[in-house]
Amino acid sequence: MSEPKNVTGATRLASAVRDMWGELSASERVVAQYLVSAPPENLLFASAQELGAASGTSNATVVRALQRLGYAGLPALKRELAAGFTSATAPEERLKQRIARVGRHDLDQVKDRVFDEAAERLDQCRRLLETDVLKEAVHMLADAHEVVAYGVGASELAARHLVLKLRRAGRRARFVGATGFTMADELLGLGRGDAVVILHPGRRLREFTVLTDRARAVGARVVLVTDVPTGPLATHADVVISAPHTPTGITAESLAGIVVMDTLVLALASLDEPRAVEASHQLTVLRGQLIDRSEPRPRKS
């Protein structure tokens with residue numbers, strides 16, 4: 001079976017290397033030469049450490065070279081290479097190739113692949129989340145009458161996670177995941193002073209545009225958490241936070257989004273500690289009331 005080539009991603013990489021060649025150090029040129037000569041599918045499933053070893057450099061040199069070439073990091077390069085791979089290959093074939101890349105029955109390789117990709121994505125997400133952007137998003141949520149979190153598909157998990165954590169921090173929040181005509185009913189309750197957090201996976205759905213338009217019309221503010229921070233939807237948001245998605249499907253699509261949500265909630269709780277502490281206390285009281293004290297406790301062995 002011949003593997004598909006992502007011409008767009010590979011061409012973009014080759015062009016970046018040509019344009020920036022004179023700006024690269026000797027070790028960065030070695031990395032660049034390896035990247036443009038390797039099959040895109042090999043890059044897609046490789047970690048920075050593996051690319052460093054393959055090019056005779058180091059993982060730090062790989063990251064520096066990619067940044068010099070205009071990529072936010074290895075996950076950014078992988079996403080460009082994955083675009084054609086994803087569109088040209090059926091899901092079951094992509095799964096077969098992922099399994100083949102990690103090695104069948106090699107649990108150490110499986111573990112390393114998953115943790116390496118997760119670490120790469122979270123590291124890039126942390127570097128892309130500037131303090132000023134985080135501060136603006138947190139204060140927007142702090143001032144909100146109610147926070148509305150919208151997510152569909154794989155992004156639903158992160159949106160629901162945000163709502164759960166906000167409520168536990170003493171904030172009013174609700175989840176919206178409706179699509180089509182049923183979404184109209186959910187938008188009726190959106191008003192001035194609310195804040196909308198949109199978990200946007202990069203796919204262009206009509207619902208995202210309708211939601212941002214409605215928010216602007218009623219005076220609600222918008223925080224966009226997305227894999228495409230320079231996409232068309234970003235122009236309609238008050239704050240844009242980049243949350244890199246998986247380029248390979250090896251790790252959960254919502255991984256970075258969930259960590260961003262945790263960051264927002266903890267920062268928000270730090271602004272009003274008494275409210276967060278009181279909400280936590282009330283949650284404990286309610287949980288206690290839900291425990292049936294008449295049930296016998298299991299004996300300790």
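Q: In which helix is the place of H281?
A: Helices are DSSP runs of H or I with at least four residues, numbered from the N terminus. H281 sits in helix α14, residues 273-290. A word on the source: this is a predicted model, where local features need pLDDT of at least 70 and side-chain atom pairs count only at pLDDT 80 or more, while totals for chains, interfaces and linings use all residues. Residues are numbered from 1 along each chain as its sequence is written, and side-chain values use heavy atoms, leaving out hydrogens and water.

Q: Is H281 buried, partly exposed or exposed?
A: Buried means under 20% relative accessible area, exposed over 50%, and partly exposed in between, using a 1.4 Å probe and protein chains only. H281 has 44%, so H281 is partly exposed.

Q: How far is H281 from R168 in space?
A: Their C-alpha atoms are 9.6 Å apart, although 113 residues separate the two in sequence.

Q: Why does T226 count as buried?
A: Because its relative accessibility is 0%. T226 belongs to strand β4, residues 221-226; a strand is a DSSP run of E with at least two residues.

Q: Which residues does T226 touch?
A: Contact means heavy atoms within 4.5 Å. Leaving aside residues up to four places away in sequence, T226 touches H200, V240, I241, S242 and A243.
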